[in-house]
Amino acid sequence: MEVISDLQLHSRFARACSKYITLDNLEKYARIKGLNLLSTADFQHPIWNKEIKKNLKEDENGILWSKNKFPFLWGSEISLMYSDGGRRAVHLLMFAPNGEIADQMIDALSKKGRLDYDGRPIFGMSCSEFVELMKEIDEKIEIIPAHCLTSFFGLYGSKSGFDSLSDCFKDQAKNIYAVESGMSATPSMLWRLKEDVNIVSFSDAHSFWPWRIGREATVFDMKELSYENIMKAIRTGVGLTKTVEVFPQYGKYHEDGHRNCDFFCNYEESKKLNGICPKCGKELTIGVEYRIEELAKESKGYKPDNAKDYVEAIPLHELIAAVYDIKQLSSKKVWEIYNLLIKNFGNEFNVLLNAAFDDLKKVIHEKLAMVIIKNREGKLSINPGFDGVYGKIVLDNNEKIVSQKSLGDF
């Protein structure tokens with residue numbers, strides 16, 4: 001069975017997240033996206049935890065099922081802020097093999113800080129202390145550094161991260177089997193660090209909309225869906241077939257820049273500027289591209305023998321909005337065309353990754369069909385993201401549909 005998973009999500013109780021996030025909405029749009037496994041997200045938050053236990057039923061394999069037979073894993077994200085040779089801030093994903101162990105994790109964390117104020121709680125312990133605490137509860141608990149290269153809260157982040165897994169996790173590095181790539185990086189960038197871990201990718205979605213949920217995902221192949229099989233694949237790589245990534249330029253921290261001055265540049269230009277914004281004289285936020293060049297042990301193009309495949313694609317709403325030159329992804333026009341594509345091709349991943357050009361242009365405008373194919377082939381031009389600003393698709397006038405015709409006028 002092919003399992004397409006997004007295991008980094010949030011509930012409506014996490015800061016800066018949609019107040020309309022429910023388990024039903026997560027399931028609904030996961031199916032539309034083409035996902036067939038989600039994290040419960042934020043399971044340590046007391047109100048969300050009650051909703052999980054009320055609406056999902058756990059089986060003997062540690063999988064929670066909705067009434068409509070959609071599967072979830074016990075999973076969450078936490079933030080650690082502490083001092084270790086400087087101020088450190090790292091986000092970690094944590095997964096529990098079953099509800100009993102999840103409750104024990106909640107009990108242990110409640111002794112370290114409050115769990116009710118934010119779905120992504122902050123603790124003042126180090127990464128190594130956290131891993132040790134979790135492993136004392138159960139060896140099957142899985143810890144994965146989230147968006148590991150982003151400037152803020154990434155394991156290798158330029159603002160408060162470390163130079164390696166061993167620097168961060170000390171003697172507990174042996175218990176870290178995978179890192180999550182984040183939107184501003186791809187596996188090929190991470191391969192150059194030569195860290196002995198597998199690479200997974202998830203969305204870090206702050207809402208349930210399909211331009212957020214599943215924008216990055218990890219694909220598994222297994223005979224039976226179980227917590228044990230998922231984590232075995234993450235730990236060993238056997239059964240982990242590929243990841244779905246956005247183009248790294250789309251991520252909010254790919255290049256160096258200063259949002260307030262609307263300035264960005266690549267790492268070579270940033271070096272010439274000594275990391276200083278030429279418009280205001282303040283420090284640039286150093287992005288993922290620069291950080292890779294600082295830490296890389298191999299040159300561009302290096303690929304380890306055990307490397308997994310990955311595909312890159314920008315979410316479908318983004319493509320539609322770019323072609324029709326519409327600013328709002330949630331506009332009626334974008335949804336109209338999106339829903340037409342889903343009706344004809346089943347789910348978004350099928351549109352983005354599989355649908356043939358000739359089949360697409362029977363349903364939608366030929367220009368949009370061509371942009372979907374260019375997206376799939378990695379040929380889109382993107383102004384890179386920087387300092388918390390998403391990257392933007394750049395199309396020429398020949399690729400845009402400038403008239404605001406109705407759907408029926410295609």
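How do the residues of the lining of the largest cavity divide into nonpolar, polar and charged? Before I answer, a word on the model: this is a predicted model, in which local features need pLDDT of at least 70 and side-chain atom pairs count only at pLDDT 80 or more, while totals for chains, interfaces and linings use all residues. Residues are numbered from 1 along each chain as its sequence is written, and side-chain values use heavy atoms, with hydrogens and water left out.

The lining divides into six nonpolar residues, one polar and two charged, where Ala, Val, Leu, Ile, Met, Phe, Trp, Tyr, Cys and Pro count as nonpolar, Asp, Glu, Lys and Arg as charged, and the others, Gly among them, as polar. The residues concerned are Lys-33, Gly-214, Arg-215, Val-244, Ala-313, Ile-314, Pro-315, Phe-349 and Leu-352. A cavity here is a set of points, on a 1 Å grid over the protein atoms alone, where a 1.4 Å probe fits but cannot get out, and lining residues have an atom within 4 Å of a point. The search of the whole structure finds one cavity of 30 Å³ or more, and about 30 Å³ of space lies in the largest cavity, a volume being the space filled by probe spheres set on the points, which are joined across faces, edges and corners.

Let me turn to the nonpolar core, that is, a set of buried Ala, Val, Leu, Ile, Met, Phe, Trp, Tyr and Cys residues joined through side-chain atoms within 4.5 Å, with buried meaning under 20% relative accessible area (1.4 Å probe, protein chains only). In the largest core, of 113 residues, Phe-130, Phe-169, Leu-341 and Leu-360 touch the most other members. Helix α11 (residues 332-345) gives this core its largest share, seven residues, helices being DSSP runs of H or I with at least four residues, and strands runs of E with at least two, numbered from the N terminus. A second, separate core has 21 residues, including Leu-37, Leu-73, Ala-146 and Ala-233.

In helix α14 (residues 366-376), the buried residues are Leu-368, Ala-369, Val-371, Ile-372, Ile-373 and Asn-375, and they pack against β15 (309-312), α10 (316-323), α11, α12 (348-353) and α13 (357-360).

Finally, Asp-118 sits in the loop between α3 (99-110) and β7 (122-123) and is buried, with a relative accessible area of 2%. Its side chain reaches the backbone nitrogen of Arg-15 at 2.9 Å and that of Arg-120 at 3.1 Å.

Conventions: 1 Å grid on protein atoms, 1.4 Å probe; cavity = no way out; pocket = protein on both sides within 12 Å on 5 of 7 lines; lining within 4 Å. Buried < 20%, exposed > 50% of the residue type's maximum accessible area, 1.4 Å probe, protein only. Polar contact = N/O pair within 3.5 Å; in protein donor to acceptor, adjacent residues only side chain to side chain. Contact = heavy atoms within 4.5 Å.
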